[in-house]
Amino acid sequence: MFVEVKNLTKKFKVLKGATGRKAEITAVENVSFEIDKGKTLGLVGESGCGKTTTGRMIVKLIEPSGGKIVIEGKDITHMKENEFKPFRRNVQIIFQDPYSSLNPRMTIYDTLKRPLRIFKITKYKDEEKELIMKTLASVGLKPEHMTRYPHEFSGGQRQRIAVARAIITHPNFIVLDEPTSALDVSVQAQIMNLLRNLKNSLSLTYLFISHDLSVVKFISDQIAVMYLGNIVEISTTDEIFRHPLHPYTRLLFQSIPIPNPKKKIKIPQDVGELPSLLNPPKGCPFYSRCPLAKKKCETLKPQLKEVSPGHKVACFLYDED
Amino acid sequence: METTRRAESFFTIMRRIRKNKMALFGTYIVLAFVGIAIFAPWISPYSPTAQDYTVSLQGPTWAHPFGTDIYGRDVLSRVIYGARISLGISFVAVLVSVIIGTILGAIAGYFGGALDEIIMRTFDVFLAFPTILLAIAIIAILGPGMVNIAIAIAVYSIPQFARVSRGTVVSVKANEYVEAARSIGEGKWSILMRYILPNSIAPIIIQATLRMATAILSIAGLGFLGLGVQPPTPEWGSDLSLAMTYIQVAPYLGIFPGLAVFLVTMGFNYFGDGLNDALNPKLKDR
């Protein structure tokens with residue numbers, strides 16, 4: 001097991017209402033998954049479901065409130081920043097918005113040089129320059145791009161720079177937080193191909209976060225579906241696309257556009273809004289929107305259960321009794 | 001924050017200022033006064049302190065275009081040298097307050113929590129006093145003199161720079177590149193110095209320009225009250241005060257030092273406003 005996440009939970013303190021009463025919301029609740037070396041886990045769900053929070057906890061940009069994160073056999077959950085620093089070299093993150101993830105006052109060379117200096121990867125300036133040029137080439141950028149500033153690049157090129165910054169320290173594990181959702185569709189495909197090629201050539205392990213199922217399908221070996229801070233279904237990509245079990249997963253899959261105008265698709269009915277995290281449902285988190293809800297779903301929360309080898313789902317429909 | 005997305009080049013900013021008539025006017029005035037201050041010894045026709053009782057209290061003549069004061073000193077030369085004093089003191093005072101204010105404000109905004117509260121509430125106490133009263137109080141303690149005036153101006157300017165810098169830092173630190181910096185293992189100070197401060201300077205520069213105007217006005221005000229630069233050093237405020245004494249015999253005496261204060265203050269204000277528009281074009285082009 002390369003990355004192991006167990007019962008990961010994040011609670012945020014918020015001020016509620018005009019009176020400023022303190023309340024607590026649970027953004028991520030008891031999330032558990034494992035990623036094998038060289039594999040990709042796709043984490044899907046709509047905005048606000050906690051997928052980004054989960055990704056940021058794993059790279060320790062956010063402190064978890066509970067649970068355990070184990071990377072390469074080491075428990076990093078409660079490491080202090082200075083203890084964790086050596087791990088930062090191996091664990092990187094790529095952000096959604098390449099317009100905001102690059103420092104506008106640093107040239108590309110300076111941006112890429114920082115991780116090398118921090119981890120003392122290169123000894124000499126020549127070596128440093130060579131590695132930066134090599135890394136730029138591997139993400140499809142030219143050496144003359146080095147001296148330019150981020151605003152001189154397009155969105156796709158910026159995302160390539162962000163990828164270069166993430167891989168320059170030769171990490172083993174990268175969290176990709178919606179790396180293509182801020183890009184044009186044509187550029188999305190290029191970046192996805194780049195990410196897949198890098199994964200194979202550098203034998204990287206990915207946690208790929210996205211709301212776009214077609215993108216996730218392209219790169220993932222396994223898919224976990226999140227809803228309101230909970231994983232509701234997890235399985236291999238083939239299995240989940242062939243036999244989606246959870247009503248939410250099915251609803252999500254119905255929303256994928258099919259590139260064939262003749263084929264009629266059943267557009268999901270009005271499914272309403274995501275329940276407020278300030279007032280979460282008592283039973284199944286999906287109860288308020290579920291077309292197949294039963295009485296006990298309102299008060300009892302289904303746990304994630306293995307229904308067939310490697311396929312887990314949290315829904316009472318699949319209980320034996 | 002939108003302005004941090006694109007690194008503005010110096011030329012873009014100059015082009016925008018050139019399009020803005022008032023800003024251009026302000027820029028020229030500021031440049032002219034800076035030139036006068038630097039080249040004062042070469043362009044002033046007389047020594048600013050040389051007394052010549054044979055020409056006491058004369059109106060404008062070819063020999064003395066701005067006239068002479070009670071001691072027969074050339075008013076033109078005094079106005080020229082006055083630019084040195086006013087711009088010099090205010091530049092030093094503003095520079096000191098930019099450095100101290102920006103750093104303290106940035107620390108407050110970046111680290112937040114108790115440190116933020118301590119720094120900013122202390123500055124709130126300073127901000128509660130009217131600036132000129134605070135300056136007078138400081139001069140009363142330290143005594144008059146150029147350095148003390150600079151200190152007095154810096155003391156009331158630091159909290160204002162701290163406020164601007166804190167606010168900007170709070171908004172800049174929400175950018176993803178700050179999180180990206182953490183994810184590559186950058187330390188706190190490195191993040192503050194390399195990622196946050198370079199992206200926070202635009203509002204500080206604008207504030208500094210506007211503050212130059214206030215500082216010059218304060219120096220003249222203190223000089224007028226006799227708390228500023230002491231005679232015989234040429235200073236617009238104290239010259240105005242002297243002119244007031246003889247306003248019935250020589251009403252023209254106060255015109256030129258007063259005009260100098262007015263022009264340079266206006267120049268810095270227009271320049272600062274223009275700079276603000278040039279650095280935040282989105283606010284203007286609507």
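Which side chain does B:Glu186 meet in a salt bridge? In this predicted model, the partner is A:Arg114, with 2.7 Å from N to O. B:Glu186 sits in the loop between helix H8 (176–183) and helix H9 (188–196) of chain B, while A:Arg114 belongs to helix H3 of chain A, so this pair joins two chains. Both ends are tucked away from the surface: B:Glu186 counts as buried because its relative accessibility is 6%, under the 20% cut-off, and A:Arg114 is buried too, at 10%.

A:Glu128 is found in helix H4 (residues 125–138) of chain A and A:Arg117 in helix H3, so the contact ties together parts of the chain that are eleven residues apart in sequence. A:Glu128 is buried, with a relative accessible area of 3%, whereas A:Arg117 comes out as partly exposed at 34%.

Helix H3 (residues 108–118) of chain A also has a helical neighbour, helix H5 (residues 155–167) of chain A; their axes come within 8 Å and cross at roughly 25°. That angle makes H3(A) roughly parallel to H5(A), because angles under 35 degrees count that way. As for handedness, H3(A) passes H5(A) in a right-handed crossing.

B:Asp124 pairs with B:Arg121, and their closest N and O atoms are 2.9 Å apart. Both residues lie in helix H5 (residues 113–127) of chain B, three residues apart, which is about one turn of the helix. Here both ends are partly exposed, B:Asp124 with a relative accessible area of 25% and B:Arg121 with 42%.

Salt bridges can also link up into a network, as with A:Arg56, A:Asp177, B:Glu176 and B:Glu179. Over all chains, the count comes to 18 salt bridges.

In chain B, a nonpolar surface patch of about 580 Å² is built from B:Phe91, B:Val92, B:Leu95, B:Val96, B:Ile99, B:Ile100 and B:Ile103. One of these, B:Ile103, is placed in helix H4 (residues 75–111) of chain B.

Key: Residues numbered from 1 in each chain as written. Chains lettered and ligands numbered in written order. Predicted model: local features only at pLDDT ≥ 70, side-chain atom pairs only at ≥ 80, totals over all residues. Heavy atoms only, no water. Patch = residues over 30% accessible without salt bridge, like charges linked within 9 Å, V, L, I, M, F, W, Y side chains within 5 Å. Areas by Shrake-Rupley, 256 points an atom, 1.4 Å probe, with all protein chains shown as cover. Salt bridge = Lys/Arg side-chain N within 4 Å of Asp/Glu carboxyl O. Helix = DSSP H or I, 4+ residues; strand = E, 2+ residues; numbered from the N terminus. Axes fitted to C-alpha atoms, helices over the stretch in contact; angles between N-to-C directions. Parallel < 35°, antiparallel > 145°, perpendicular 65-115°, else oblique. Left-handed = near helix turned anticlockwise from the far one by under 90°. Buried < 20%, exposed > 50% of the residue type's maximum accessible area, 1.4 Å probe, protein only.
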